[in-house]
Structure formats: structure tokens, C-alpha cells
Amino acid sequence: MSLTHKTAAELGALIASGEVSAVEVAQAHLDRIAAVEPQVNAFLHVDAETTLEQARTVDARRAAGERLGPLAGVPIAHKDVFTTADMPTTAGSKILEGWRPPYDATVTRRLREAGLVILGKTNLDEFAMGSSTENSAYGPTRNPWDLSRIPGGSSGGSSAAVAAYEAPLSTGTDTGGSIRQPAAVTGIVGMKPTYGGSSRYGLIAFASSLDTPGPFARNVMDAALLQEAFSGHDPLDSTSIDAPVPSVVEAARQGDVAGLRIGVVKEFGGEGYQPGVLARFHETVELLESLGAKVVEVSCPSFTVALPAYYLIAPSECSSNLARFDAMRYGLRVGDDGTRSAEEVMALTRAAGFGPEVKRRIILGTYALSSGYYDAYYGQAQKVRTLIARDFEAAFGQVDVLVSPTTPTTAFPIGERADDPMAMYLADLCTIPANMAGNAAISVPCGLADEDGLPVGLQIMAPVLGDDRCYRVAAAVENALESRWGGALLSKAPAL
Amino acid sequence: MPYDEALERFEPVLGLETHVELGTASKMFCGCPTTFGAPPNTHVCPVCLALPGALPTANAAAIEATIRIGLALNCSIAEWCRFARKNYFYPDMPKNYQISQYDEPLCFDGYLDVEVNGEVVRVEIERVHLEEDTGKSTHVGGATGRIHGADYSIVDYNRAGIPLVEIVTKPIPGTDRLAPEVARAYGTELRELVRGLGVSDVRMEEGSMRFDVNVSLMPRGSSEWGTRTETKNVNSLRSVERAVRGEIERQAAVLAGGGRIIQETRHFHEDTGSTTPGRSKEEAQDYRYFPEPDLVPIAPDPAWVAELKASLPELPGARRKRLQREWGVSDLDMQSMHNADAIDLVEATVAAGAPPADARKWWMGELARRANEAGVPLRELRITPDEIARVCAMVAGGALNDKLARQVLEGVLNGEGTPDEVVAARGLQIVNDEGELSAIIDQVLAGNADAADKVRGGKIAAVGALVGGVMKASRGKADAGRARELILEKLGVSE
């Protein structure tokens, strides 16, 4: 098997044993990127020389006898919202075109220290706002399963890169489903850790109270290894949790659900859901039952209003977070011809630099926070958020994890929902509640929909700091289904 | 309208908002240093420049300092509160929002007693909250130094993110014609309180303490408050007093002429003592406050707050009362020392061994005069309380008289060295040598026969002119008392 089709754990072991060098592994992935990028467009920035230099450093550290972690020398692709001191960072926006950060995000830095080799920066919906990666200022990314379809979003470049074997691992961010939804529609594993479990320092903010960095991988163990490598308390992020976290790698190794209580969210299913998605979901629930789990239906009534509440809170925060893009200190500057005021230059720059979805959300959020509207919009939405947290709390009084389909449908065709924001927003219907309450949630492949042959994801939601439960159940599902399928779901994808 | 006439027709209501830059080692939300006067944009980092992805973390020392200010102002301390974002676009504000506090201040509902003309006025405190300062814009070109009409502007972000405490009073009614003095006394008292806590150097000339002054007028006999104006960034205590007075006169004239006061911010002009309109509140921004999601709430442990309260230093009012007793001075003298910001200096001079009366005499007399001439605050004169105490000791020991002492002070202020070095270098010892003094007296008596005769004839008062002659001839170095005794002795007269 070629190096690009191995798991991250396997690559780490091969490099550790000296069978292959980090440079060889990096070169294999750079070759794969060169071969498939014209079709996929997962990357915004690839710089072979910087990548190989990092790989050489890892090989040198190992040659010098340094003890390195299990992922040392393994390549990774970063969503282009994490700052990288040696590569540009654009957030998929024209307003940051060519910006070179002077510092690494905590996630970037920790993975660099763990010896992971950065292949490049992946495409995304501008400022992580979208569910299809069509909102990127640099063109859409395509789904490796069907190049006419979206790879999910906003972390669509990261999901596509892993699904297309351009990278064994990638990072993403999940604000309303931006890791789990792309993972589901590209047939890979994507995890949204507990809010505060992974540092936001150096992550270009969309909605601060919701944004959560997390891993993509082609299997549950790789995702766990990656999450463990960048997680943990960060004094640079005030909202980072300073508490011991159960080992997710250990949980992924266990992968057993015997005696576990699993709740099926009553509110997610039925109208608006693709039949093939529901069929795979129900089969998987039965599978879990057959593995010894106790399955019950759980009602979480407030989940039905999570989406509208989310579309008040996230835009409100983004309207403030994106105010800093004002042409004064970095990024695009338009209209500075010596005749215009600073205010005019700010306005012209923002008009030219932001895309339509970003502007839509800034306007929505500005309105929702306005004096006289705050209580009715932002204030109400925060109350809904409290109700969602209470529903979770009540549910986790009865069950250990909750499950649902990750998305109502499989990957939709590029362009289909581009002019219909409401239809686009519905892609995150099932994923948003976990963001609103800060819970841990994962998406793991559970089969192909009959009607289109495209991947379906199972979402497993756990309490705050219950990330290990997500991995435990996901690993059990993966083990059982892969033995049924005779390999990973991704092996059924057409070759590029 | 003249002040007296304005006060005959209207009653003022005051309000003061004070910004104090805290003297923490690092900024409010990052690790950058806070020292004043560094080259532009050298005390900056991703956080205070608001680079994409950077996040704030709250400075615990600043939170503690704010709570201590709140406690000293008799405030309640919030058990749980949050920072909030105040959103508006301005080039010197890197994030285009300021992290501040909105409806959940750290400290609230306190008071500060101030004394005006021997009367105690209780100023109620609405809130004390913590926020961050902005950068500093310089507008180059154009006539006004303001942004409009400038050729270009440059921004220094060194100040961006320096912790700023905002202290807001409740409206202060009932001050009547003393409104300007009450405003000044409040500012003076607050400055001393903050300095006493050791949380800020409160250097007004560096902008580390600045006032926004709210004034409204209502017709005499009315109980309904008028529309207020807010005069921004008043940067000295004297200006606070002048701004209140000027705004009362201006508003009275507008109202008396049948006009109405517009709710607006105004700029204070040091040169004329008047204010001009700034931004009208009617076109004011909607700041879209919301809780800062990048920072966790502040929940000070009540036991820790109690400890902070128990360990507060003696507060300025109590300290003044104690010192007044110890020094045995009048209310008026104490008040004038307070107004001159001389209490710390006198106290330090007394601690260095000087009698209180002498310490006060020098600081409030000769030194106050010299500070005034040089246009610097008293405490910035280049002379220390220890040096003053040394001069006092020399006078007490008879080595200097007051006139010589003034010359010593002048020498020290000129940088000529310590008092002893100045005495030596300038040759300022009193003439104690009886032989030398006797010779001078003989010479003076010879040259002033008329006066000598008068004394001999019993007009002892005429001896003053002869003593004056001796002092003049000795260039001030003679001991005037001893000279008088010797003159009378030589003339054979006894008192």
C-alpha cells in the first residue's frame, strides 16, 4: 500500500522504526497533492520546500536520539483559519490575501512541537461561514466521492484533503457543525471536542463562544491521536478548561459499548431527512443494540429551535469579531489615495474584501445587537441556549450518549443551495445543539445512502468533557461496520 | 453670563467620570509592558494589535487593583460579573471594540466624602469598572490637531490595552455655588485615594488620570433636572474646576436666552477655560454592548475580597485627620496643604526629622512659589523631603537663617548638590565669629551716627536700621539676634 493510504498511526510507527523517513512520507503526500489538486482544490497554500524542511528537522531530531510522540513525522493539513508563522493565513477571504502571521496558533504550535509536518493550508468557507466551502474567496473545493458535489463546510478543504488521501490528518474548526458535517459527507471521522478543551488562540474567530478546533482523520484512532496531541489547557485562551481530560486515545482503543445507555434524539429524523440517511442511521442504532448497548428514545424539545437561535448568536459575535478587519494594520486596503478619510478607506476595504455570506452575517449580527433589539434577538437566543444545555443535562441523566444522523442529507451538488441561505443553514440542523451547549460530539461513517451512493455520518454526542465517550462509541461502530464492509468506507470511493 | 448671576437663576447638578490608568507591570489583556514614553509601537504584540486569532486574557493584578479602589470608595463588590464589548470603529482602537464592562460593573454603590470650606459633601459613587485604553492618534497637518482637516494621521498602539479604571459618580445635586469647588475637591480626594492605594501614579500631565465632567442646570425652585452636557478629557484639577464654572456660565446664558441645552459631548480649552461642542448624543453611536465571549466571568472569592478590605491602607480622609492632630495645624492650613498636594511631602519631611511647622512653612511657602514659577507640580521639584529636613536642622542649629536657607534651597533646586554641599560651595554659614561681627558693627555704627545717637537717646526702635546695616554688610550671613545684642551693648543701652 502506498504511503498516502496508510493511517497516521501506521505512518508514525514506520517513521519511528526508521523504515521510512519523514521526508519520504512528506514527499509521497506532496506528490499526491500535485496529482489530485487540479480536481479537488482542497488547498489554498502548499509550499513543498517549507514542508520538506520540517520533515528534515523531524528526521534530524530522531537521528539525534530525541524521544518524539506517536505522530512525529506524520503530515497534516491545517484549515486556513489557524495562524502559521511560516505560511500565509487567509481565512478564505480576500481581505486577508497574502497575510503572513507573525505567530503560530496554539494548535499549530503544539502539533509542530509534536513533530507533525505541515503540508499546507486548506480551503474553507470565508471566515468559516458556510456549509459547503462554496463561500471561499478562492473557489470551491470538490468532494472526492463526486467532484460535482460539495465536501461540506466550512472545513471542506480539510475533509476533502483527508478523503482524497492528500493528508492522513487535518485540523478543522466546528462552530455549528463545520467539522462533523464535512466529515459525514466525505466518509471520514470528524470530532468537535468539548468547548474549551482545545485552544482557540490563533484561530481566526467566527463566533467566539462556539468556535472549537478539532481533528479530521480516516479512522477513529487517528482522530483521537491528533486530538490528544493538541488538546489541554492553554493559558493564552481564557475559555480553555483547566481540568484533567479523560484519554481519548485510550477510549478509542477500548471501542466497546456493552452496557452503555444510548439515547436516540427524537427530534432529529422524519421530514426533511433523506431516506438513505435515515436507513443507515437506524441500522447503526440496531447495530449498537446488538453490541450490547441499551437504546432508548430521548426527547430534547429545545433542539428544534437551536438553528434560529444559532443564527442570532453566531452572527452577533461575528459582527464584532470581524470589526478588526479595517485596513489599518494588516490585510487588504482599498481607496487609500490620499483623498479619503480613514472611515471611507475602512468602508471601501470591507465592501471589497468580504464576500456576500460574511456581509449577510455581519449585518444580521449588527442588527441583532442593536439597542432596542438586543433583548428580543440576542437575549432570547441566549435563553434558548440555556434551554438546550438543560435538555442535554436532562438527557445525560438518562443516557451516556445521544445519537442522531450528522446531517439530514448526503453531499449536495455544488451550486444547488448557493443562492438559498436557509437551505444551506439546514445542513447544520443536527450539529448545532452541541455547539450551543459546548458538548463533545463526533461524526463517524455509517454507510452509503442507497439513492446516491454517498457517505452518511452518525453523530455521537456526549456531555461536556465526555469526549472519551464519543471515541468509545465511534470506535465500536467503526470496528463492527468495517468488519461488515471488509474495510474502511472510504475504500469504496471512486479512485481519483 | 457671569457666574454669580447664573447661580442666582439656576442650580447646577454635577456628575464626574474619572479614568485612571492602573500602574500594573503589564497591559490589561496581554503581557506587554505599560511604561510611559517608549518609542511608538514598541510595546505591542498580536493581542494588543488585534491580529487575527489573538485572544485576550485578563490581568489579575488589574482586577485586584480595581476591587481595592472599589473597597476604598465604600462600594459593594460584584460576586459575579463579566466584561462586555463596546463596539465602534476608530483607527486607534485595534479591535474596533473596547473590552469594558456594561451592566455588570466590578464595584458599585459607594461614596466618597470630600471637604469644601470645612463642610463635608458626600459624593455617591455609581460604579467602578475595568476596561482597556485605546491607542493614541496624532493628526498631522490641518489647523486644529483634530482628525478633521488633517493631512494624515499616525497611531501609536503602546497605550492600547493599558488597564483603565472608570469611576462614575451618581448625579451630585445641591452643591449650589460651590459646584466647581466640589468637583475639584472630589478630584483631589480621589487622586490622593488612588495614590495611597499604590495602584496608579496618577500623573495627570501624562494622562494617567482624566475627568469627564457632566453639568446640567435647573431653574431655581425646580426639582426637574435639566439636560446635561459631558465635557471630555479634562486633564487637571484646576481645569475640572474651570470646566464646571465655564459650563455653568455657558448653559445659563443659553437657557436665559430662551435656548435649550443639547445633550452632547464637549471639548475643554485650557487657554480660555471654555468648552466647544463635540459629538452630539443625538447622532451618537449605538455601541451594541454584549458580554465578551473571549473572557470567562470574574467571580471574586468573597473571603479574598474581605482580606483585601482588611488590608486597605489608611484612607486619605482619616490620614489627614490624624496628621492634623499630630501637627497641630488649623483646618484651613490642612486644606491648603491638601489642595497643594503637599501632605505627603510634609509628612515625609517631618519623618526625616523636621518640626511640622517648619516642614509646612518651606513646602507651602518658598517651594510652592518656586514650583508655581516653574509650572511643575510641587512633588516634581528636584528636592527631597530629606533635604528640606536637613535645611530645617541647619536653621534650628543656628548655622543658617531663613534668608540663607532660601539660598540653599535655590542651590539644591539648581542641581548644585546636597544642602551641605551648597552651603560649602556658596559659603553660606552665618557669621558667628564675634571678632568679625564686632568689626562689622563698628563700621556700621561709624557710618550711621544719626541712628546710633537715636538709640543712645533711648529710641531703641531705631536699632532695626542698624541691624539691617549689619546684615547688608555681612551679605546676610550675620546672626541678626546676636548683632542686635552687640549693638546695644556697644551703645551702652539696655532694654
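A: In this predicted model, the area buried between chain A and chain B is about 2700 Å², and carbon and sulfur atoms give 59% of that area. On the chain A side, the residues that lose the most area to chain B are A:S238, A:R324 and A:R329, which together make up 23% of what that side buries. Counted by residues, the contact takes 39 from chain A and 30 from chain B.

UniProt, in an unreviewed entry, puts the feature "domain: Amidase" at residues 24-470 of chain A. That span is 38% helix and 14% strand, and its end C-alpha atoms lie 34 Å apart.

Chain B has a domain division, with domain 1 covering 3-307, domain 2 covering 314-426 and domain 3 covering 434-490. Between domain 1 of chain B and domain 3 of chain B, the C-alpha centres are 63 Å apart.

Domain 1 and domain 2 of chain B come together in the lining of the second largest pocket, each supplying at least three residues. This pocket has a volume of about 850 Å³. It is lined by 26 residues, and those closest to its centre are B:R191, B:D341, B:V376, B:P377 and B:L378. Three helices of chain B, α3 (179-197), α4 (237-256) and α9 (356-374), are the elements that give two or more residues to this lining. By residue type, the lining of the second largest pocket has eleven charged, nine nonpolar and six polar members.

Rolling a probe the size of a water molecule over the atoms shows where empty space is left. With a cut-off of 30 Å³ or more, the count is six cavities. The largest cavity has a volume of about 160 Å³. Its lining consists of 22 residues, and the closest to the centre of the cavity are B:V47, B:C48, B:K95, B:I99 and B:E132. Strand β4 of chain B, residues 97-100, gives the most to the lining of the largest cavity, with three residues. Twelve residues of that lining are nonpolar, seven are charged and three are polar.

To return to the meeting of the chains, the contact draws on 39 residues of chain A and 30 of chain B, with A:S238, A:R324 and A:R329 losing the most area on the chain A side.

Notes: Residues numbered from 1 in each chain as written. Chains lettered and ligands numbered in written order. Predicted model: local features only at pLDDT ≥ 70, side-chain atom pairs only at ≥ 80, totals over all residues. Heavy atoms only, no water. 1 Å grid on protein atoms, 1.4 Å probe; cavity = no way out; pocket = protein on both sides within 12 Å on 5 of 7 lines; lining within 4 Å. Points joined across faces, edges and corners; volume = space filled by probe spheres on them. Helix = DSSP H or I, 4+ residues; strand = E, 2+ residues; numbered from the N terminus. Nonpolar A, V, L, I, M, F, W, Y, C, P; charged D, E, K, R; others polar. Domains from an automatic or database assignment. UniProt positions renumbered as here; feature names shortened; annotations may be inferred. Contact = heavy atoms within 4.5 Å. Buried area = accessible area lost by both parts, 1.4 Å probe.
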